[in-house]
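Visitor: Hi! I have a new structure open and would like to talk it through with you. Could you put it up for both of us?

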Amino acid sequence: MVSERRKFILETARATGLVALGGLVWSAYVDEVSANKLLLRPPGALKEEDFLKTCIKCGMCVEACPYDTLVLAKPGDNKPLGTPYFTPREVPCYMCTDIPCVPVCPTGALDESSVTTNGELDIAKSKMGVAIV
């Protein structure tokens, strides 16, 4: 009888611990996937919902950026993990005329046709954010 009671208490404590740990992990996940409304993506990025479905988080756009403007979201950034973004107050996008980050995207999350005029890349067609003065 005593061992059954002890076994029950241990199993209850273990289950409670697992539920608490699961809750912590889930809350961290929910915080990370809730995108910041003022998130700036690379030039040619699809609309946010489509971008998140299409981007495979390969980091090729980040590697192609000559100014180290683009970074991949890390845990704690409160942005969808592994997706490219930039913070203009830290390192702005220098609007490269050849837009090296767009053509390297293997999935089309950075849409080359949206920043193309007459078959050539045109940074002037890029729409990355709205300036509020």
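Predicted model: local features only at pLDDT ≥ 70, side-chain atom pairs only at ≥ 80, totals over all residues.

Visitor: Great, cysteines to begin with. How many disulfides does the structure hold?

Guide: The count is 0 disulfides. Take cysteine 96, which is in no disulfide: the nearest cysteine sulfur belongs to cysteine 65 and is 6.1 Å away.

Visitor: And what about cysteine 101, how far is its sulfur from the closest cysteine sulfur?

Guide: That distance is 6.5 Å, with cysteine 65 as the partner, and it is too far for a bond. A disulfide needs the two sulfur atoms within 2.5 Å.

Visitor: Is cysteine 101 buried or exposed?

Guide: Cysteine 101 counts as buried because its relative accessibility is 8%. Cysteine 96 is buried as well, at 17%.

Visitor: OK, new topic. How many salt bridges are there?

Guide: The structure has 3 salt bridges. In general, side chains of opposite charge can pair when their charged atoms come close.

Visitor: Which residue does arginine 41 pair with in a salt bridge?

Guide: Its partner is glutamate 48, with an N to O distance of 2.6 Å.

Visitor: Where is arginine 41 found?

Guide: Arginine 41 sits in the loop that runs between helix H1 (2-33) and helix H2 (48-54).

Visitor: Nice. Back to the salt bridges: which residue meets lysine 53 in one?

Guide: That would be glutamate 49, with 3.4 Å from N to O. Lysine 53 and glutamate 49 are 4 residues apart in helix H2, so about one helical turn separates them.

Visitor: Are those two buried or exposed?

Guide: Lysine 53 counts as exposed at 63% relative accessibility, and glutamate 49 counts as exposed at 55%.

Visitor: Which residue forms a salt bridge with aspartate 77?

Guide: Lysine 74 does, and the closest N and O atoms are 3.7 Å apart. Lysine 74 is partly exposed, with 49% relative accessibility.

Visitor: Let's go inside, then. How many residues are in the largest nonpolar core?

Guide: The largest nonpolar core has 17 residues. Among those with the most contacts inside it are Cys61, Leu70, Ile99 and Cys101. That is the cysteine 101 we discussed, buried at 8% relative accessibility.

Visitor: What does leucine 70 touch?

Guide: Not counting residues up to four places away in sequence, leucine 70 touches Pro42, Cys61, Val62, Cys65, Tyr85, Phe86 and Cys101.

Visitor: Last one: where does serine 126 lie, and is it buried or exposed?

Guide: Serine 126 lies in the segment after strand E4 (120-121). Serine 126 is buried, with a relative accessible area of 12%. Apart from neighbours within four places in sequence, serine 126 is in contact with Pro43, Gly44, Met95 and Val115.

Note on methods
Residues numbered from 1 in each chain as written. Heavy atoms only, no water. Buried < 20%, exposed > 50% of the residue type's maximum accessible area, 1.4 Å probe, protein only. Helix = DSSP H or I, 4+ residues; strand = E, 2+ residues; numbered from the N terminus. Contact = heavy atoms within 4.5 Å. Salt bridge = Lys/Arg side-chain N within 4 Å of Asp/Glu carboxyl O. Core = buried A, V, L, I, M, F, W, Y, C linked by side-chain atoms within 4.5 Å.
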